[in-house]
Amino acid sequence: MSYPIDHRLIRQFLATVEHGNITAASNALHISQPALTKNIRKLEEMLGVKLLERHSRGVEATSYGEILVRRGKLVELEFEYAAAEIEAMMGGTKGTIRIGTSPVFATLFMPKVSAAIVQKNPGLKIDLTIGVLDTLVPSLLHGDLDIICSALDYPNHPEIVKEHLIDFEHAVFARADHPLANSANIEAKDLMAYEWVMLAQDHVAISRLGSYFSANGISPPRIVMETNSFETAFAMVKEGDFLTSATSSMVEFAQEAGLALLQVRGTLWHFPAGVAYRRTTSTPNAINAVIENLKHAIGANR
């Protein structure tokens, strides 16, 4: 069954759900409130279902509306990709690719990857967002990001394509003259005497750290600071007898910041990493460019 739905109606519906209010959505769309209400009712009539639930605080999507939100954002995404491909065929490259990246990818690879992409695609802008799994994956699903570069050990989703590119192993770092810096075979109980600095909102890493201590019969360590920057975390650790956790691939950057890799017995945890993007009929050229340049950067770093 097919529906001759005006693309503008879907865009207006998505805006209404995003704002949660008819008035706010109409202002953002620069159309009158009665016109927006009429268009949403028209969309509901076309589909034969109720898309919005109205309440005292505004509106929210019904279960049917949630399906249209999910699929509608994909339609918007396909439209943007089509426009980008048409522009490329006409001899130019415009627009923006929105990349979400973990701090590790941002530090190790993204400067080189970003530079290569913009040099080969004049006119293309990169919007780079640094975050953790708990923020990157929802943003990808919501259509706020085109591709994310991060760990891949999260549940599979039918709308997300994952591509494994590298494996990371977490390690513990401390300042170079830390009491544990010259110790060998450091055990979990030895780490418990010190406070930790971790990445903000990185609930996955904090949970894994807790699991490591729990497996050794010890309660989770005390985290005294969270930050969204490795530079800030490393600087904080250098100022006292603190500890932090990062992938062993970050050892060069940690040493430049005055930190040392601790010789911890066993492995804290390791995980696959790479890229993830929304499943579409064909992978856009800009996303392919990110993947190919990232593969090259990872290969050069090994």
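Student: What makes Asp177 and Arg175 a salt bridge?

Tutor: The closest N and O atoms of Asp177 and Arg175 are 2.3 Å apart. A salt bridge needs a side-chain nitrogen of Lys or Arg within 4 Å of a carboxyl oxygen of Asp or Glu, so this pair qualifies. Please keep in mind that this is a predicted model, in which local features need pLDDT of at least 70, side-chain atom pairs count only at pLDDT 80 or more, and totals for chains, interfaces and linings use all residues. Residues are numbered from 1 along each chain as its sequence is written, and side-chain values use heavy atoms, with hydrogens and water left out.

Student: Are these two partners, Asp177 and Arg175, buried or exposed?

Tutor: One of each! Buried means under 20% relative accessible area, exposed means over 50%, and partly exposed is in between (1.4 Å probe, protein chains only). Asp177 has 56%, so it counts as exposed, while Arg175 has 16% and therefore counts as buried.

Student: Which residues do salt bridges with shared partners join into one network?

Tutor: That network consists of Glu163, Glu292 and Lys295. In the whole structure there are 11 salt bridges.

Student: How do you know that Glu163 and Lys295 are paired?

Tutor: Their closest N and O atoms lie 3.1 Å apart, which puts the pair inside the salt-bridge limit. Helices (H or I, at least four residues) and strands (E, at least two) are DSSP runs, numbered from the N terminus.

Student: Why are Glu163 and Lys295 called partly exposed?

Tutor: Glu163 has a relative accessible area of 22% and Lys295 one of 36%.

Student: Which label do Glu53 and Lys50 get for their accessibility?

Tutor: Glu53 comes out at 35%, so it is partly exposed, and Lys50, at 42%, is partly exposed as well. Their side chains also meet in a salt bridge, with 3.3 Å from N to O.

Student: Let's move to Ser245. Why is Ser245 called buried?

Tutor: Its relative accessible area is 6%, which is under the limit for buried, so the label holds. Ser245 sits in strand E9 (residues 243-247).

Student: What makes the pairing of Ser245 with His170 a polar contact?

Tutor: The two side chains approach to 2.7 Å. A polar contact is a pair of N or O atoms within 3.5 Å; within protein, one must be able to donate a hydrogen and the other to accept it, and residues adjacent in sequence count only if both atoms are side-chain atoms. The distance is inside that limit, so the pair qualifies. A polar atom of the Ser245 side chain is also 3.2 Å from the backbone oxygen of Ala171.

Student: Which other residues does Ser245 contact, leaving aside neighbours within four places in sequence?

Tutor: With contact meaning heavy atoms within 4.5 Å, the partners of Ser245 include Trp196, Val197, Phe230 and Leu268.

Student: How do you know that Ala205 and Val69 are buried?

Tutor: Ala205 has a relative accessible area of 5% and Val69 has 11%, so each is under the buried cut-off. Ala205 is part of helix H9 and, leaving aside neighbours within four places in sequence, touches Met198 and Trp269. Val69 is part of helix H4 (residues 63-89); not counting residues up to four places away, it touches Phe13, Leu14, Val17 and Ala61.

Student: How much of the protein chain counts as buried?

Tutor: Of its 302 residues, 45% do. The chain's secondary structure comes to 12 helices and 11 strands.

Student: And what is the overall span of the C-alpha trace along its principal axes?

Tutor: The trace spans about 70 × 50 × 35 Å. Among the chain's contacts with a separation of 6 or more, 73% join residues 24 or more positions apart.
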